[in-house]
Amino acid sequence: MIQLQNIFKWYNTANRPTFILKDVSLTIDEGAFLSIMGPSGSGKTTLLNIMGMLDQPSEGSYHFMGQDVFNLKEKQRKELYKQYIGFVFQAYHLLDELTVYENIETPLLYQGVKSAERKAMVGDMLDRFRIVGKKDLFPSQLSGGQQQLVGVVRALISKPKLILADEPTGNLNSTQGEEIMQLFQQLNKEEGVTIVQVTHSEKNAAFGNRIIQLLDGQVQD
Amino acid sequence: MIRNYLKIALRNLQKNKRYAFINLIGLAVGIMGCLLIGLYIWHEWSYDRFHEKADRIVRVTWEFNFGDVLNETALTGTRVGPEFNRRFPETEAFVRLLKYPRVLAVADKMFEEKNFLYADSAFFTVFSFPLLEGNPATVLDAPHKLVITQSMAKKYFGSQNPIGESITVGGDKEFVVSGIAADASDNSQIKFDFVGSFTSLNASKEEKWSEANYLTYLLLRDEEAIETLQAKITAYMQEVGKDEMQLTGNSYTTYQLEPLTKVHLYSQLDGFEPNTNVVYLYVLTAVALLILLIACVNYTNLSTAQSAGRSAEIGMRKVMGAGRREIFLQFISEAFLLVLMAVGVAVGFTILVLPWFNQLAGKEFQPDLLLSPFIFLMLLGLSVVVAFIAGTYPAVVLSGGKVSKILKSGFSFTGSTSLRKGLIVFQFVVSIFMIIATVVILQQLSFIKNKDLGYSREQVVVLPVDAQIREQYDLLKNALRQAPGVAEVGGAYEEPTHIGWGDGLSTTEGNKRITINALPADEHIVETLDLEIVAGSNFTRSDIQLADPARGGDNITYTYMLNEAAASALGWTPEEAIGKKVAKGREGIVRAVVKDFHFRSLHEPIGPLVIFMDKRLVGAMFVKLSGRDIASSLAQLEKIWEQRVNHRPFEYQFLDENYQAMYKAEQRIAGVFTAFSVVAILLACLGLFALTAFAMVRRSKEIGIRKILGASVQDILALVSKDFVQLVLIAILIAIPLSFLAVSQWLEGFTYRIEIEWWVFLAASVLSLLIAFLTICLQAIKTAYHNPVKNLRSE
């Protein structure tokens with residue numbers, strides 16, 4: 001599903017390049033549950049963002065579902081992204097001004113889904129994750145775990161094939177964290193959603209079926 | 001989608017109430033300014049355009065040179081209209097107008113009416129003044145027919161039908177009401193309460209090129225014909241000049257055609273009311289646009305400043321699939337929503353300040369004007385434009401950020417801070433410019449107001465003199481002189497504020513001839529107006545006897561007084577002029593030379609003037625009061641008037657008020673300018689206030705650390721105000737030369753004007769700096785006193 005080849009990423013500071021990623025090559029199959037680990041500043045998030053098409057490498061190539069991502073036009077890349085990828089963040093990044101319902105609905109708006117269909121899809125999700133009762137609440141009225149649940153649901157609403165999660169449990173207590181991890185595992189196993197997560201926690205990493213270590217921008221085997 | 005944008009926009013506004021409020025008020029005030037000025041300009045622009053045949057109507061003005069001075073006037077003789085209409089096939093009809101204040105009486109009601117016109121029979125067919133009663137083609141087709149307006153009908157006849165009723169005009173003539181016109185709209189150069197048939201005038205019986213007292217309008221068959229007709233008129237008048245008037249050398253007479261719709265805004269020649277200078281309209285348009293821009297700049301600045309707070313939202317929206325377009329649209333619709341609300345508020349504001357604005361601008365706008373569909377559409381258009389001006393930049397910036405960066409560190413503006421600074425400079429340039437312009441305009445007006453004109457105009461009451469009063473002139477005058485509180489009484493043909501009588505004066509020796517203004521007066525004019533005699537003496541007893549009307553018209557001998565300009569134009573020093581013989585129609589000696597006084601507007605230099613004694617021509621009486629109790633003096637005057645004059649009511653004016661009225665255009669512009677420069681600086685400060693607030697939030701950590709390191713409140717204030725004060729200083733440097741150029745240009749229009757003083761610039765600079773500094777302090781002092789630990793904790 002994902003093929004990264006010789007990915008480099010650097011910034012020029014004082015005329016000397018500072019490397020974030022150094023020659024990373026990585027293949028992820030469909031249906032995998034991959035955990036990326038490594039100390040702060042090792043380039044985990046950058047790698048995740050590149051996979052999620054939010055960032056571009058300085059060098060290297062990326063094939064997603066057989067398409068050469070960086071040779072696509074911006075519009076096509078956006079389409080690819082909208083269709084297949086969902087993001088979950090450590091800080092949830094829910095829109096404070098929108099209710100739970102509206103937060104979940106927003107990706108569908110950007111995909112141009114019709115109103116009736118939107119209603120049905122959001123309704124299904126609310127049902128499935130048993131948060132119907134919270135649909136009119138604002139993020140600030142929810143606990144951290146509940147907020148992250150909404151974050152995951154929002155990532156799932158467009159039925160992505162790949163979920164990219166950047167320390168999804170970093171702001172949660174252990175019980176809440178475990179619930180989210182179980183949810184990921186369930187999605188991976190039952191629905192075949194590919195999951196890539198960045199995490200510091202060995203315990204969370206163990207939920208997946210593959211772990212890679214990053215150190216100073218390089219994959220440690 | 002749009003609904004979602006609007007919902008989010010609304011919730012955002014609710015969340016940032018203070019920010020929204022500042023933006024809303026700022027935009028609303030800006031739009032209100034635009035709306036008011038827009039109304040004003042629209043009104044001036046619409047002048048005379050409501051006539052259906054407006055495109056084909058022209059005004060005829062007279063241009064002539066009988067000596068060595070070019071004269072131009074909107075007034076023409078009785079001959080022009082009918083002669084041109086007979087001679088030139090391009091014309092379809094003509095209308096001559098005479099405005100003549102008359103005393104009207106019906107039964108026991110008697111009033112002096114200023115808006116009384118005499119007009120040719122085509123008046124109501126050439127012009128589109130609607131008639132409620134009467135046939136436009138025939139209402140004025142015979143002598144002593146009279147059309148009155150609806151409100152005059154009510155004033156004189158109440159609910160009774162006035163058609164066929166008679167009104168006594170000028171004490172002796174009976175006019176029959178033949179029609180009722182709707183009240184004339186105020187965007188018309190022709191305003192009237194009464195229109196009498198032109199044939200009622202004795203002057204209408206004879207056609208003359210001279211004795212120019214009438215406005216002449218021609219209706220052309222084709223609006224394109226104006227140039228052909230102009231050429232024909234010039235050629236024809238050359239012939240007339242040679243054959244009928246025996247003009248030689250450089251002397252000539254001709255007539256110019258002005259399209260009706262150009263008269264009010266472009267003509268230099270006033271008709272029955274002063275015209276407007278179109279330049280003032282351009283200036284006002286610029287002011288309106290600048291105010292609106294300042295308001296837009298506030299929005300732009302505040303939106304980008306607070307965008308840091310919305311970076312997470314924007315980033316997240318992009319993660320969820322929003323493209324640049326969607327984000328852009330979202331922010332534009334947010335701007336649009338706010339602008340729409342601002343427009344609503346602005347309409348409310350406008351209705352509130354409308355009475356005050358009317359007074360300032362001399363208009364009579366009604367609030368319901370704002371609810372007309374035209375204005376509504378205009379406002380909608382304005383909203384879109386404003387939303388785009390104000391919202392585009394923030395929208396572009398906010399939609400352009402890179403997601404991974406936004407999510408990590410939020411928005412950081414490197415480029416936009418310099419733009420933001422530029423915009424602040426712009427706002428202050430405009431504000432300082434307007435402060436300086438306002439001060440200079442006010443100074444010039446106060447200079448005009450207090451200028452020593454060379455005659456006294458304080459506490460001088462002007463009373464009208466007509467043919468019937470002239471019969472008992474001396475009796476009435478003596479009675480008034482003896483009233484308590486009256487210092488002196490004199491009379492003249494017209495008021496010294498504006499002497500319009502143009503004439504020629506020739507010397508007996510050397511036979512020199514000059515064009516000159518003339519003022520017929522009675523024997524007390526010098527002491528009444530406190531004219532200063534520089535050579536010679538006041539009129540003597542024998543002068544008075546020689547000019548006594550009782551001697552009969554042919555036996556009168558004139559005695560003349562010249563002003564200094566006239567003496568020098570004739571090549572004499574004041575002393576030399578005394579005793580010389582000059583002739584204006586008839587020969588007489590120069591009795592005195594008076595010091596030059598301003599008998600025209602200060603826009604013009606003082607020209608030659610001759611004063612001669614002829615009581616038969618007195619049209620106004622000047623009563624100089626000496627006492628402090630003006631009210632009781634006026635009561636005395638009224639009592640005497642009513643005892644002796646029974647054909648017209650006691651109505652008076654003050655000479656200095658009439659003088660002031662000559663500068664109405666300037667006074668209005670000054671009023672509007674003052675008001676809007678206050679608005680401009682308030683808006684600029686509002687923006688500065690909000691920006692400081694955001695800077696404080698951004699720098700709260702820095703300030704906290706500095707305080708822990710020992711910085712005092714003053715240090716902090718200096719720190720945060722430094723940046724902004726610098727910007728105001730730059731603005732001052734730009735605004736000073738700009739405003740200097742602009743006000744110098746404006747002052748050029750006055751022959752008598754103030755010098756621009758350096759302290760005006762200094763004061764405006766200090767004032768703007770002070771206001772800016774106080775605005776910043778108001779905001780910064782809070783942060784500076786804040787407990788630093790709290791600032792740091794929130795990080």
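Which residues of α25(B) are buried? The points below take up this question first and then turn to the rest of the predicted model.

1. Helix α25 of chain B. The buried residues of α25(B) are B:V760, B:F761, B:A764, B:S765, B:S768, B:A772, B:T775, B:I776, B:Q779, B:A780, B:T783 and B:A784. The helix covers residues 758-785 of chain B, 28 residues in number. From its first C-alpha to its last it reaches 39 Å, close to the 40 Å expected at 1.5 Å a residue.

2. Overall make-up of chain B. Chain B has 795 residues, of which 42% count as buried. Its secondary structure comes to 26 helices and 24 strands. Taken along the principal axes, a box of roughly 105 × 60 × 55 Å holds the C-alpha atoms of the chain. Where contacts of chain B join residues at least 6 apart in sequence, 82% of them link residues at least 24 apart.

3. Domains of chain B. The domain assignment gives domain 1 (1-47 + 276-413), domain 2 (54-266) and domain 3 (467-647). Over C-alpha atoms, the centres of domain 2 of chain B and domain 3 of chain B are separated by 31 Å.

4. In soluble globular proteins, nonpolar side chains tend to be buried together. The largest nonpolar core here has 161 residues, and those with the most contacts inside it are B:L27, B:I31, B:I291, B:I294, B:I432, B:I436 and B:A680. Helix α22 of chain B (residues 664-698) gives the most to this core, contributing 17 residues. Apart from this core lies another, of 58 residues, including B:L519, B:F539, B:A566 and B:L609.

5. Surroundings of B:I294. Setting aside residues up to four places away in sequence, B:I294 touches B:G30, B:Q427, B:V430, B:A680, B:L683 and B:A684. One of these partners, B:A680, is itself listed with B:I294 among the residues that have the most contacts inside the largest core.

6. Contact between the chains. The contact takes 17 residues from chain B and 16 residues from chain A. On the side of chain B that touches chain A, the elements giving two or more residues are α1 (2-15), α9 (311-319) and α12 (403-409) of chain B. The most comes from α1(B), with 5 residues. By class, this side of chain B has 8 nonpolar, 5 polar and 4 charged residues.

7. Positive phi values in chain A. Two residues other than glycine deserve a check of their backbone. A:M65 has phi near 50° and is found in the loop between β4 (59-64) and β5 (67-68) of chain A. A:Y92 has a positive phi of about 65° and is found in the loop between β6 (85-89) and α3 (100-110) of chain A. Are these residues buried or partly exposed? A:M65 is partly exposed, because 14 other C-beta atoms lie within 10 Å, whereas A:Y92 counts as buried, with 23 C-beta neighbours inside 10 Å.

8. B:F111. This residue is found in strand β5 (residues 109-113) of chain B. With 17 other C-beta atoms within 10 Å, B:F111 is partly exposed. Leaving aside neighbours within four places in sequence, B:F111 is in contact with B:L104 and B:P649. B:K155 is 44 residues from B:F111 in sequence, and the two are 10.0 Å apart in space, C-alpha to C-alpha.

Note on methods. Residues are numbered from 1 along each chain as its sequence is written. Chains are lettered from A and ligands numbered from 1 in the order in which they are written. This is a predicted model: local features need pLDDT of at least 70, side-chain atom pairs count only at pLDDT 80 or more; totals for chains, interfaces and linings use all residues. Two residues are in contact if their C-beta atoms, placed from the backbone, lie within 7 Å. Helices (H or I, at least four residues) and strands (E, at least two) are DSSP runs, numbered from the N terminus. Ala, Val, Leu, Ile, Met, Phe, Trp, Tyr, Cys and Pro count as nonpolar, Asp, Glu, Lys and Arg as charged, and the others, Gly among them, as polar. The expected span of a helix is 1.5 Å times one less than its number of residues. A residue is buried if 20 or more other C-beta atoms lie within 10 Å of its own, exposed if 12 or fewer, and partly exposed in between; C-beta atoms are placed from the backbone. A nonpolar core is a set of buried Ala, Val, Leu, Ile, Met, Phe, Trp, Tyr and Cys residues joined through C-beta atoms within 7 Å. Domain bounds come from an automatic or database domain assignment.
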